[in-house]
Amino acid sequence: MSAQISNLQLKSDGGLRHFLAIEGLNKSLLTEIMDAAESFATVTEQNVKKFPLLRGKTIVNLFFENSTRTRTTFELAAKRLSADLLNINIAVSATTKGESLLDTIRNLEAMHVDMFVVRHAESGAAYFIAKNVASHISVINAGDGRHEHPTQAMLDMFTIRRFKKDFSTLRVAIVGDILHSRVARSQIYALNILEAREVRLIAPKTLLPHKVESLGVSVFPDLDEGLEDVDVVIMLRLQKERMNGAFLPSEHEFSSCFGLTEKRLRVAKSDVIVMHPGPINRGVEIDSQVADGPRSVILKQVNYGLAVRMAIMSMAMQPQGG
Amino acid sequence: MEKPRIAIKGGHIIDPANGVDRQDSLFVAEGKIVALGAPSDGFTADIEIEVPGQVVCPGFIDLSVRLREPGQEHKATIDSETVAAARAGITTLCSQPDTIPVVDEPAVVEMIKERTQLVGKARILPIGALTQGLSGERLSEMSALKNAGCVAVGNASQPIATTLVLRRALEYATTYGLLVVIRPEDFWLKDSGCVHEGAVGTRLGLPGIPESAEVVAVAQALALVEQVGARAHFAQLSCARSSVLISRAQYDGVRVSADVSAHQLHLTEENIDGFDPMYHVNPPLRTVEDREGLRQGVARNVIAAICSDHQPHEEEAKRNSFPATEIGMASLETLLPLTLQLVDEGVLTLTQAIERLTVGPAKVLGIDFGTLIPGSAADVCVFDPGATWHIGRDTWSSRGLNTPYWGSPMKGRVSHILFGGIPVFKADI
């Protein structure tokens, strides 16, 4: 499955060259990423903030789609690794003037950069760039269309591991707009690679991709049934424009059927953790009581996002065999 | 121009229109087939072509090509693409009306015809626009388009605004006995889709075009065609269920025909894995089951024609992330090898394969080409069914290099083409 993508993102020694997709990676590599993140998190907690690992390297945040949050964590991760950083917001830059994606890449390449962190509205964009860049440049996918958002999924896995240790006993429920979510796809792949006991999707049929069961998940149309005995609940953000596309009748109806409240959470395991990739719509997919409550690890996710991105960036910049 | 007298000897003549399937000689004079077997008394050939072991058949008829002229000459031209057609064994091409300007007035038809005659490599039978500007709203001047030489009317890949407009268009075309070509696709169900809505599209997160986008459009059009009593042709099917619906309608006596592109009989959604934009086509590559259903439709003659659905592009058009690339592949020159592959795979007999490229599409259009019966135009294709060649710069004539088969071996190679009795292509061996 997707052998071409996994071949492209790995070096011949099996190490990371690009980080484009979770699909096709193996358990030991995902574990290696989490272990590396663990050491960054530990030393950061001891107040060591800066590492010289990427000194002299130039990283370009290439965002074709606006995202302050993701861009900021990548920016901070690059700085903590002592790299030089360039933020380019293409949404308002060259391509609107008619320059092709490839020309933009070629121009930046000519400035001797070492890494592109790419966010793009179209599925496969990061893969396209990785296929066309010079051989010394690494590409990190910071979200491509509805395809994958692999660094987000890794920080989610890291968060789960910090609270739950053993994946093989876990039931994980992902709730909400799966159809449009690159985060959900990456999470599903990661959870299956890490051999989670069960991955459940809870959503109305309009927000589920066609033949989604083929990804190795079980589908629940009912929130109360789906949450029963789960160890982890991941809520997805609901975009307001879904009402326009006839995916849903109203926020209110979605919220009353699929919104997470304290009461509904009672059927889950008593030590359940609640996650959300952010930004959250309070009162729509998640109640404030839950988002700010004791089960919520949402702010931890943000915190770990930095360590995980530092881990991935430094691994992708390691020389072959290094 | 003086047209030469030509004798083609030693080949295996296959003319499905007349049930000819034997080792024999073919004689051509004054642009027409004059005899099979023995020439008339006093026939002396100006050119003798010996083709032992090769197949001699009518030149192929391709129901859907984009020549890109007028308007997009940076992609291809009538000149470049008719040269490619000759190399591919195709002597008659139906061009789609979505040029710039659209083929919705006689002047554009005249221009295409003039340019084609100037090159003299193949015959172009333009499909006129069904609606003005292909907007799907106002009917085109179909009577004028017919008089100018359009062989049918259709709306290319553009949607018809409402079922009422489609009904009126079918009725109006029927007034002039015009065939209506329908590329069945429900605009709303297609939405922003760019690949088949299925397991592979789901994995890659590419927006899907559901099977129902085609099947709903076929069912809807069939109901209207039956009511109106129009003559309609469904172009470039991609779903097994479409073939089943059309088969039933044909059984019920509804006057409908269908074609499929050669690549749709080989490729599936699995090919898009890896985001290769060469596989970005519309209709999208669908499932293995769809491919099997379409193959059955072709074998049972529900689908009477295999076309190229040729869409040449400049390199830049395919250099982007998958959804942002332009749609279609350059496929004139893979039409014969991909069709012959169906013979190797036991889907069709050699005679059936040639039928789907000759008299099959000729009957769809109601034209006299696609046969070697004495008296007909001498459009003749000679090919070596066993010859293997590789797609590359020196074996390829289309301006469009956008084929997923680039560099791949192809079996079945055209060696000679006569177009209206004139040799227009000869392979250098």
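Two residues are in contact if their C-beta atoms, placed from the backbone, lie within 7 Å. By that criterion, residues 24 or more positions apart account for 75% of the contacts in chain A with a separation of 6 or more. The model described here is predicted.

**Chain A**

- The secondary structure of chain A consists of twelve helices and nine strands.
- Chain A has a radius of gyration of 19 Å, close to the 20 Å given by the globule rule for 322 residues, so chain A is as compact as a globular protein of that length.
- The C-alpha trace of chain A spans about 55 × 45 × 35 Å along its principal axes.
- Of the 322 residues in chain A, 48% count as buried.

**Contact between chains A and B**

- Chain A contributes 26 residues to the contact, and chain B contributes 19 residues.
- On the side of chain B that touches chain A, the largest share is four residues, supplied by helix H6 (residues 199–204) of chain B.
- That side of chain B comprises seven nonpolar, seven polar and five charged residues.

**The eight-stranded sheet of chain B**

- In chain B, eight strands form an open sheet with parallel pairing, in the order E6-E7-E8-E9-E10-E13-E14-E15.
- Strand E6 (60–65) and strand E15 (305–307) of chain B are the edge strands, each pairing on one side only.
- On average, neighbouring strands of this sheet are turned by 30° against each other, direction ignored.
- At one end of the order, strand E14 (residues 256–261) of chain B runs parallel to E15(B) and is joined to it by three bridges.
- Within this pair, Ser261(B) stands opposite Cys307(B) in E15(B).

**Pairings of strand E5 in chain B**

- Strand E1 (residues 6–15) and strand E5 (residues 55–58) of chain B pair in the parallel sense over two bridges.
- E5(B) is also joined by four bridges to strand E16 (residues 380–390) of chain B, and these two strands run antiparallel.
- Val55(B) takes part in both pairings: His12(B) stands opposite Val55(B) in E5(B), and Val55(B) stands opposite Phe383(B) in E16(B).

**Domains of chain B**

- Chain B is divided into domain 1, formed by 6–56 + 376–426, and domain 2, covering 59–365.
- The C-alpha centres of domain 1 and domain 2 of chain B lie 26 Å apart.
- Between these domains of chain B, 27 residues of domain 1 are in contact with 39 residues of domain 2.
- E16, strand E17 (409–419) and strand E18 (422–426) of chain B each supply at least two residues of the side of domain 1 that touches domain 2.
- The largest share of that side of domain 1, six residues, comes from E17(B).
- By class, the side of domain 1 of chain B that touches domain 2 has 17 nonpolar, six polar and four charged residues.

**Surroundings of Val151 in chain B**

- Val151(B) lies in the loop between helix H3 (142–148) and strand E9 (152–154) of chain B.
- Val151(B) counts as buried because it has 22 C-beta neighbours inside 10 Å, where the cut-off is 20 or more.
- Apart from its neighbours within four places in sequence, Val151(B) is in contact with Cys94(B), Leu125(B), Pro126(B), Ile127(B), Leu365(B) and Ile367(B).
- Val151(B) and Val180(B) are 29 residues apart along the chain, and their C-alpha atoms are separated by 9.6 Å.

Methods:
Residues are numbered from 1 along each chain as its sequence is written. Chains are lettered from A and ligands numbered from 1 in the order in which they are written. This is a predicted model: local features need pLDDT of at least 70, side-chain atom pairs count only at pLDDT 80 or more; totals for chains, interfaces and linings use all residues. The radius of gyration is taken over C-alpha atoms; the globule rule is 2.2 Å times the number of residues to the power 0.38. A residue is buried if 20 or more other C-beta atoms lie within 10 Å of its own, exposed if 12 or fewer, and partly exposed in between; C-beta atoms are placed from the backbone. Ala, Val, Leu, Ile, Met, Phe, Trp, Tyr, Cys and Pro count as nonpolar, Asp, Glu, Lys and Arg as charged, and the others, Gly among them, as polar. Two strands pair if DSSP finds at least two bridges between them. Axes are lines fitted to C-alpha atoms, for helices over the stretch in contact, and angles run from 0 to 180 degrees between N-to-C directions. Domain bounds come from an automatic or database domain assignment.
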